[in-house]
Amino acid sequence: PDSELCGPAKFSDKLHLPHGLQGYFDFEQGMACAKEQEKPAFVVFKGHACANCKKMENSVWADPEVLETLAENYVIIALYTDDRTTLDEKDWITSSMDGKIKKTMGKKNLDLEISKYNTNSIPYHVIIKPDGTEYKLNVTFNTNEFKSFLAQGL
C-alpha cells in the first residue's frame, strides 16, 4: 500500500503503521494533510501495550480490501495514548478536562480522545470527512462491520 503523505510525518523515526501503511502520529499534522488532499481522515486512538489494537490490525486491517481502502482513500492518523515521548514545549496543551499541562504524546492524545469523544477506550476509530462529518467505531473483530464503517467515509 502506498498512500502519498503531504510531507515527513512527525515521530516516524520511532513509530510506524502495520502492513506498510503510511500515515501520521500527530493529529494536527494529519488533519492538515487530509484537508490538503481533500480526503477523509481515518483516526485511530491506540496503544503500544494494547492487545486488542494489535489483534485488530493483524486480523481486520490485514484484509486486502481493508488495506487497499485505508491506503488509497484515507489519510491515516494513529494516535498512541500510552506513548511517553516528551513533546516540544510549543506542542504542550493545557487540558480542558483537568487543567493539567500535557507534555507527552500519549497524554496529549488521550486528552484529545476523552475531551472530544468522551471515551478512553482503545482502539477507537473516527472517520472525519472533509466536510467535518464524523463516524465513530469502537473495537470490532468483524471485518465486514469494519468495511461498512470505512465505506461511510467515502
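Let's start with charge: this chain carries 18 positive and 23 negative side chains, and the centres of those two sets lie 7 Å apart. Here Lys and Arg count as positive and Asp and Glu as negative, while His and the chain ends are not counted. The place of a charge is taken as NZ of Lys, CZ of Arg, CG of Asp or CD of Glu.

A quick word on what you are looking at. This is a predicted model, where local features need pLDDT of at least 70 and side-chain atom pairs count only at pLDDT 80 or more, while totals for chains, interfaces and linings use all residues. Residues are numbered from 1 along each chain as its sequence is written, and side-chain values use heavy atoms, with hydrogens and water left out.

Now the overall fold. How many helices and strands does the chain have? There are 5 helices and 7 strands; both are DSSP runs numbered from the N terminus, with helices being H or I of at least four residues and strands being E of at least two. Reading from the N terminus, the order is β-α-β-α-α-β-β-β-α-β-β-α. The radius of gyration is 15 Å, close to the 15 Å that the globule rule gives for 154 residues, so the chain is as compact as a globular protein of that length. That radius is taken over C-alpha atoms, and the rule is 2.2 Å times the number of residues to the power 0.38. Along its principal axes, the C-alpha trace spans about 40 × 30 × 30 Å.

What about the surface? The accessible surface comes to about 7900 Å², and 48% of it belongs to carbon and sulfur atoms. Those areas come from the Shrake-Rupley method with a 1.4 Å probe, and for residues only the protein chains shown count as cover. Buried residues make up 47% of the 154 residues. Buried means under 20% relative accessible area, exposed means over 50%, and partly exposed is in between, with a 1.4 Å probe and protein chains only. As for contacts, meaning heavy atoms within 4.5 Å, residues 24 or more positions apart account for 61% of those with a separation of 6 or more.

Let's zoom in on helix H1, residues 27-37. Which of its residues are buried? They are Phe27, Gln29, Gly30, Cys33 and Ala34. The cover over them includes strands S1 (23-24), S2 (41-46), S3 (75-80) and S6 (124-128), along with helix H4 (105-117).

Asp26 sits in the loop between S1 and H1, and Asp26 caps the N-terminal end of H1, with a side-chain oxygen 3.3 Å from the backbone nitrogen of Glu28. A polar contact is a pair of N or O atoms within 3.5 Å; within protein, one must be able to donate a hydrogen and the other to accept it, and residues adjacent in sequence count only if both atoms are side-chain atoms. Asp26 counts as buried at 8% relative accessibility. Leaving aside neighbours within four places in sequence, Asp26 is in contact with Lys10, Phe11, Ile77 and Leu79.

Two other spots are worth a look. Val43, in strand S2, is buried with a relative accessible area of 2%. Beyond neighbours within four places in sequence, the contacts of Val43 include Phe27, Ile77 and Val126. Gly106 is in helix H4, and at 1% relative accessibility Gly106 counts as buried.

Last, the backbone. Most residues other than glycine have a negative phi, and most peptide bonds are trans. Just after H1, Glu38 takes a positive phi of about 55°. Phe11, in the segment before S1, has a positive phi near 70° and is buried at 17% relative accessible area.

The loop between H4 and S6 holds Asn118 and Pro123. Is Asn118 buried or exposed? Asn118 is exposed, with a relative accessible area of 69%, and has a positive phi of about 60°. The peptide bond from Ile122 to Pro123 is cis, with omega near -5°.
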